[in-house]
Amino acid sequence: MYKMLSEVPSDVSDSVIEESSLHSVESIAAVEALKRTVLEFGASFDRGFGASQKSRAKMEKVIEELAGYNLEMDAAKGIEGSSENSSPLTGCWRMVWTTAQDVLVLNASLLTTTGAIHQIFEPPVVTNVIDFIPKAESFLPPTLTPSSLLRAKVTTRASTRPQPMRIGLDFEAVSLVPTQLFGMDLPDTVQPLKIDLPKISGLSADVESPGYFDVLFLDENMLIIEQNVGGGKFVLIKTDGIDP
C-alpha cells in the first residue's frame, strides 16, 4: 500500500527518493504502532464493553490518528457485487472495539454474555454475526459447565452512496440458531428462527438516509467504520472465519 523504490520514476533525484522512502517507513511504523494500541485497548477493556469514559476518549484519539493514515479512497468499490470491481471489504472481519451503544447494551442482559461479533462481506450481502453465551457459564469453572452458544445473524444488502467511503445498508432479515448445546456441536440441519424484515419504500440513496456506515480506515488486516452520524465506531480485524 506504500510506494516502493521500484515504483519511483527514474527522473526523480536520489535525495527525493531517500526522503520519500524514509517517510514511507516512518508511516508504516506509525500505523503498526497505532494498530497495536487499538488491539491492546480492545483486549484490556473487553472490546469496549468494559471501557471507561477516559479510555474511550483516548481510543477516539488513536482512531482519529489512524484515519489520517488511511490510503483507501474508494471503499465502496464493488460493494454492490459488480463483477467488474472486487470490493476491498470482501471477507470476514471480527470486532475488537466499539463505542456503538446498540452493541454495548447487549452485555447488559442478565441471561447471556456477548461472545464474538463478526461482519462478513460477500457483496452485495453484508451479514452481522453475534454469538451469545449463557451468563451462568461465567460463574462456574469451564470443566464443570459444558458450553452452549446461540448465534444471531442480521442480513443486510449493501449499496453505494454519493461518497466513495460510505456504504448504504438495507436490513433484510434476522435469524437465531443454537450452534452448541451442553458441549455438543449441533448439526447444520437445525432450522433457525428467522424473521424477514419489512422493506422500507420511498427512501432515496440520499446521504442522510438511514442505514449506512463510513469507512475511516482500511488496510489488509484492519477496518474502522462509523455507523450513521454519531452512531458509534467499530474496529475490526480480518479473520479466516467466524469459528475459532
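Select L111 first. Setting aside residues within four places of it in sequence, L111 is in contact with I133, P134 and K135. L111 sits in the loop that runs between α3 (101-104) and β2. Is L111 buried or exposed? L111 counts as exposed, because its relative accessibility is 68% and the exposed class begins over 50%.

**Before going on: confidence**

This is a predicted model. Colour it by pLDDT. The mean pLDDT of the protein is 87, and 85% of its residues reach 70 or more. Next, select residues 1-13. Here the pLDDT is below 50, and the stretch has 16 contacts in the model beyond near neighbours in sequence. Then select residues 15-20. The pLDDT is below 50 here as well, with 3 contacts beyond near neighbours in sequence. Where pLDDT is low, predicted coordinates should not be read in detail.

**Stop at F121**

Select F121, which lies in strand β2. Why does F121 count as buried? Its relative accessibility is 1%, and buried means under 20%. Which residues does F121 touch, leaving out those up to four places away in sequence? They are I79, L89, T90, G91, W93, V126, F213 and L223. Pick T90 from that list. The C-alpha atoms of F121 and T90 are separated by 4.8 Å, although the residues are 31 apart along the chain.

**On to the aromatic rings**

Show the side chains of the aromatic residues. The model has 3 aromatic pairs. One is formed by F41 and F45: the pair is tilted, at 5.5 Å centre to centre and 45° between the planes. Compare how the two partners are covered. F41 counts as buried because its relative accessibility is 12%. F45 counts as partly exposed because its value is 26%.

**Finish at strand β10**

Select residues 233-239, which make up strand β10. How many of its residues are buried? The count is 5 of 7, so the strand is mostly covered.

Now bring in its partners. Strand β1 (residues 91-98) pairs with β10 in the antiparallel sense, over 6 bridges. To see where they face each other, select M95 and L236: M95 stands opposite L236 in β10.

Then select strand β9 (residues 222-227). It also pairs with β10 in the antiparallel sense, over 5 bridges. Select I224 and V235 here. V235 is the bridge partner of I224 in β10.

As you follow any of these strands, keep one rule in mind. In a regular strand the side chains alternate between the two faces of the sheet.

Definitions and conventions: Residues numbered from 1 in each chain as written. Predicted model: local features only at pLDDT ≥ 70, side-chain atom pairs only at ≥ 80, totals over all residues. Heavy atoms only, no water. Phe/Tyr/Trp six-rings, centres within 6.5 Å; stacked < 30°, edge-to-face > 60°. Buried < 20%, exposed > 50% of the residue type's maximum accessible area, 1.4 Å probe, protein only. Helix = DSSP H or I, 4+ residues; strand = E, 2+ residues; numbered from the N terminus. Pairing = 2+ DSSP bridges. Contact = heavy atoms within 4.5 Å. pLDDT = per-residue confidence, 0-100.
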